[in-house]
Amino acid sequence: MNPYNRAEIIDHNFLKFLKNNHQSKRIEKISLSDLGMSKSNVISIFESQVFSRHMDIKARELKEKGECFYTIGSSGHESNAVFGNIFPFTDIAFLHYRSGPFFIERSKQLAGSTPLYDMALSFMASSDDPISGGRHKVLGSKSLNIPPQTSTIASHIPKAVGTAFGIDRAKDLKIKERELKSNSIVLCSFGDASANHASALTGINTSRWIKSIGGNVPIIFICEDNGLGISVPTPKGWIESTFSNQDHLKYLSCDGLNIFDTIRVSREADSYCRSNRAPVFLHMKTVRLMGHAGSDIELSYLDESQIESAEKKDPLLLSALSLIDNRLLSTDEVVNLYEHARKRINFIFDQATTKPRLSKASDVMSHIVPEKIRKNHPKFQAEKDREKLFGREYNRLSRPMHMAKLINYALLDIMLQYDNALIFGEDVAKKGGVYHITADLYDKFSIRRVFNSPLDETSIIGFASGLAHNGFLPIPEIQFLAYFHNAEDQLRGEAATLSFFSQNQYTNPMVIRIAGLAYQKGFGGHFHNDNSLSIFRDIPGIIVACPSNGADAVKMLRTAMKHAYKNGRIVVFIEPIALYMVKDLYEPKDNKWCFKYPDIEEEHKIGQYVIYGEGNALTIISYGNGLYLSLKAQPEIEKQLKKKIKIIDLCWLSDINIDQLLIDIEPSKKVLIVDECRRSGSYGEGLMSSLYSKSKNNMSIKLHAAEDSFIPLGDAATSTLPSQESIISHALSTYKNE
Ligand SMILES: Cc1ncc(C[n+]2csc(CCOP(=O)(O)OP(=O)(O)O)c2C)c(N)n1
């Protein structure tokens with residue numbers, strides 16, 4: 001036999017061993033009633049294991065023919081079928097990519113499921129695949145309560161923790177949007193190498209952190225330990241020594257080569273987690289068979305003897321022997337079941353190869369932007385309730401205020417209107433955030449709805465995704481824009497891709513508030529004055545907002561919430577720190593940057609920009625601090641030009657209506673884009689190219705952006721940024737076509 005074709009060897013060995021098997025005493029004798037299992041249950045688990053094995057064998061054959069993609073299999077991990085049996089499908093499951101047997105076994109809990117066919121379609125990247133529609137080979141199903149996972153290892157762990165936390169919190173708060181059963185728990189599986197990842201460690205850490213302060217986090221972390229991460233061995237005893245001694249984390253281990261041990265320990269994990277509402281680390285030791293993935297040549301990093309030694313521990317064979325030794329099936333019955341499953345899988349997979357695949361860009365992109373997840377929108381609260389909530393502040397609502405205060409008011413109204421909204425982040429509770437934007441919310445809505453997170457941005461955004469799986473509308477806060485980078489994958493790789501990989505069946509709406517941008521006086525240096533938004537610019541499907549004043553901020557925040565609630569959208573809401581407390585525009589005490597709190601029903605449509613002035617000599621397009629500085633520069637520019645100009649505040653940095661913008665800037669023909677962010681990757685850069693490529697007229701468009709530099713501390717802090725003076729000079733030279 002070809003030593004490189006391990007699938008063939010394993011298949012052959014399985015049958016050879018069974019045929020030569022004479023009743024043995026290798027396997028422990030068990031009592032099904034002690035395990036709380038029926039004979040048919042155990043046979044069902046075995047059958048799912050067999051189906052999964054044949055899928056791996058067949059997928060490899062089809063991959064050779066170029067019919068099948070991305071063949072990462074489950075061989076060696078077959079004991080995870082046990083979890084699919086023990087845990088009810090009402091327990092939401094975030095699965096490792098080797099959890100095929102789990103998926104097949106769980107589907108038997110729901111009449112009418114067609115897991116083999118569905119998985120075959122996913123292997124074949126067919127557009128008929130019911131979960132991803134041919135976008136990825138994922139394990140996922142809305143009806144089975146299995147959200148699809150990306151292939152980024154461990155990145156599902158922070159959100160699984162958020163979902164676990166959200167089960168009891170939703171019940172507590174009685175939110176009507178909740179989807180998960182009150183006594184349910186969360187299952188979250190991953191590999192042993194993945195357990196080293198920062199996302200894994202922070203997820204597990206956050207679950208313990210919450211439990212230590214009395215919160216409920218009913219989650220079972222299932223580490224399927226095959227001792228390898230592609231070619232890198234996990235040090236002996238590493239998983240056990242890392243996770244068995246942690247406070248607030250119950251550690252249990254099972255032998256994944258032994259179906260009955262796995263059943264026994266799963267039951268223990270289930271009972272502990274469900275009744276204590278506390279995290280459990282279930283360590284399943286097993287082997288990996290057939291290499292890491294279809295393209296992996298194990299012989300390039302393992303000796304043949306090492307490979308054979310793992311193959312001798314084949315859990316499928318060991319399951320078969322357990323069933324035979326315990327007289328649940330005869331050898332012939334096992335062989336029959338095995339061969340029958342082979343035929344069935346071959347037939348289904350061959351059928352699946354004939355099914356359609358995605359081809360057009362528009363089809364690929366059809367679910368990037370989620371939509372219509374809820375019909376109705378929560379009503380505004382009665383005026384008397386608002387009056388009570390605002391208390392002393394109620395009578396001040398009609399007074400002009402700076403942005404920080406107005407956003408605070410908006411959040412009060414939003415929390416009143418949306419029972420399912422939660423605010424969390426670093427220092428947001430009692431302290432009210434570093435800039436007091438969330439001040440008083442904790443007192444008014446209690447710690448159950450406004451709470452501090454551990455100091456970890458990955459957890460904050462992951463938590464938001466997870467909470468959204470149970471009907472919450474999270475409003476996480478990131479304390480400073482520069483620190484969002486720590487959480488980037490949770491937005492870019494996870495949250496933003498969910499509706500894409502699930503065809504809008506799963507969404508994770510959220511409104512992420514981020515204090516950011518530069519021009520802060522007397523504080524910071526680069527990390528508190530980060531002036532780059534490029535991290536958001538290329539993420540498909542998200543909405544990005546950046547208000548320049550309090551009144552717009554309030555209206556935009558309301559619109560953001562509405563789109564998150566009704567359409568499942570993810571909104572990144574950038575709040576320019578330097579403008580939080582600004583009251584004046586042209587002169588000290590002119591109060592021209594203070595605004596009244598907009599009436600409760602006032603909104604600000606996505607993509608709608610605001611135009612200041614009607615002059616056509618020149619148009620300045622900007623947002624945030626750049627807009628504020630441009631308005632300050634306007635009188636001098638107009639004085640020098642002896643003509644009037646127009647200034648446009650984009651407000652929304654995504655969804656810019658280029659066609660409409662071209663109509664509005666057309667009369668002036670001269671455009672200066674002022675962008676406070678670093679030139680490379682700035683929104684201004686993108687806007688300039690969009691305007692040029694769509695403009696039919698001879699227009700002159702210039703970009704005045706910040707230098708490609710980090711921000712220093714001290715007097716030089718604004719030296720790399722557009723200033724009132726530099727805007728004036730750029731405006732004049734743009735006008736003169738210099
Ligand atoms: C964040 C990230 N880095 C690297 C990879 C590439 N990669 C895919 S699987 C894998 C090994 C994972 O090993 P383990 O967690 O032990 O799971 P196993 O495949 O052994 O079941 C790696 C490095 C990835 N998918 N995601």
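Figure 1. By the rule applied here, the count comes to 5 cavities of 30 Å³ or more. The structure shown is a predicted model. The largest cavity holds about 210 Å³ of space. Its lining is made up of 20 residues, and the closest to the centre of this cavity are Leu-95, His-96, Tyr-97, Gln-149 and Thr-150. By class, the lining of the largest cavity divides into 9 nonpolar, 9 polar and 2 charged residues.

**Figure 2. The second largest cavity.** About 70 Å³ of space lies in the second largest cavity. This cavity is lined by 13 residues, of which Pro-370, Ala-495, Ala-496, Ser-499 and Ile-570 are the closest to its centre. What classes of residue form the lining of the second largest cavity? The lining comprises 8 nonpolar and 5 polar residues, with no charged residue.

**Figure 3. The pairing of strand 8 with strand 10.** In general, strands of a sheet pair through backbone hydrogen bonds, in either a parallel or an antiparallel manner. Here, strand 8 (residues 421-425) pairs with strand 10 (residues 473-478) in the parallel sense, over 5 bridges. Within this view, Phe-424 stands opposite Pro-476, a residue of strand 10.

**Figure 4. The surroundings of the ligand.** How many residues surround the ligand? There are 17 of them, and the closest are His-96, Tyr-97, Arg-98, Ser-151 and Ser-194. His-96 and Tyr-97, listed here beside the ligand, are also among the residues closest to the centre of the largest cavity.

Figure 5. Arg-98 places a polar side-chain atom 2.7 Å from an oxygen atom of the ligand. Asn-226 likewise has a polar side-chain atom facing an oxygen atom of the ligand, at 2.9 Å. Which part of Ser-151 lies 2.7 Å from a nitrogen atom of the ligand? For Ser-151, the atom concerned is a backbone N or O atom.

Conventions:
Residues are numbered from 1 along each chain as its sequence is written. This is a predicted model: local features need pLDDT of at least 70, side-chain atom pairs count only at pLDDT 80 or more; totals for chains, interfaces and linings use all residues. Side-chain values use heavy atoms; hydrogens and water are left out. On a 1 Å grid over the protein atoms alone, a cavity is a set of points where a 1.4 Å probe fits but cannot get out, and a pocket is an open set with protein on both sides within 12 Å along at least five of seven lines; lining residues have an atom within 4 Å of a point. Grid points are joined across faces, edges and corners, and a volume is the space filled by probe spheres set on the points. Ala, Val, Leu, Ile, Met, Phe, Trp, Tyr, Cys and Pro count as nonpolar, Asp, Glu, Lys and Arg as charged, and the others, Gly among them, as polar. Two strands pair if DSSP finds at least two bridges between them. Helices (H or I, at least four residues) and strands (E, at least two) are DSSP runs, numbered from the N terminus. A residue is near a molecule or strand if one of its heavy atoms lies within 4 Å of it. A polar contact is a pair of N or O atoms within 3.5 Å; within protein, one must be able to donate a hydrogen and the other to accept it, and residues adjacent in sequence count only if both atoms are side-chain atoms.
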